[in-house]
Amino acid sequence: MAIAAVAVGAAAVLPIFSPAPAHARPETAGLDPVLATAYSRAAAAAHAEGVPLSITSGRRTRAEQKQLWRNGLATYGSPGAARRWVLPPNESTHVTGDAIDVGPRAGATWLEVNGFRWGLCRTFDNEWWHFEVATVPGMRCPPMWADAAARQRGNF
Ligand SMILES: [Zn+2]
């Protein structure tokens, strides 16, 4: 477990996560360490069962996300339609390192069933590939949002 207890000031003891767990997979570079650790453990379990699972898109730079947003605008024709599938850089959880897209489909299905063991949840009904840390490990995942735009609006 990549957790260390560190004394801060006189009394407070805070758990902190090491920025680069030794067992983290290279494809987790730039991700929040909690997500990187959760995914690395989930992938090891999937692979031990013979299930293919890998990250197809993890942390993105603002420039990368800006290009994806532009592509989305061109593809879907309006910001409202595009936002169902891609968010601008200042809203995307990929830019903050808090989201992963995974594949292939069999691996994503496995992760949707088993990911809660590490706190990983599919978060959008329209994106079978998108996962975030969204629960306490071992607890049920919250209901999915219809899409990324619905979450930004704050309604299902
Ligand atoms: Zn995604």
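**Cores, sheet and a loop aspartate in a predicted model**

User: In this predicted model, which residues touch the most other members of the largest nonpolar core?

Analyst: The largest nonpolar core holds 21 residues. The members that touch the most others are Tyr39, Ala42, Ile100 and Leu120.

User: What is the strand order of the open sheet, and which strands lie at its edges?

Analyst: Four strands form the open sheet with antiparallel pairing, in the order E3-E4-E6-E5. Within it, E4 and E6 pair over two bridges, and aspartate 101 stands opposite histidine 130 in E6. Two strands pair on one side only, which makes the edge strands E3 (54-57) and E5.

User: Is aspartate 147 buried, partly exposed or exposed?

Analyst: Aspartate 147 is found in the loop between E6 and helix H5 (148-153). A residue needs 20 or more C-beta neighbours within 10 Å to be buried, and 12 or fewer to be exposed. Because aspartate 147 has 18 such neighbours inside 10 Å, it counts as partly exposed.

User: How far apart in space are aspartate 147 and arginine 84, C-alpha to C-alpha?

Analyst: Not counting residues up to four places away in sequence, aspartate 147 touches Phe124, Asp125 and Asn126 as well as Arg84. Aspartate 147 and arginine 84 are 63 residues apart in sequence, while their C-alpha to C-alpha distance is 5.4 Å.

Conventions. Residues numbered from 1 in each chain as written. Predicted model: local features only at pLDDT ≥ 70, side-chain atom pairs only at ≥ 80, totals over all residues. Core = buried A, V, L, I, M, F, W, Y, C linked by C-beta atoms within 7 Å. Contact = placed C-beta atoms within 7 Å. Pairing = 2+ DSSP bridges.
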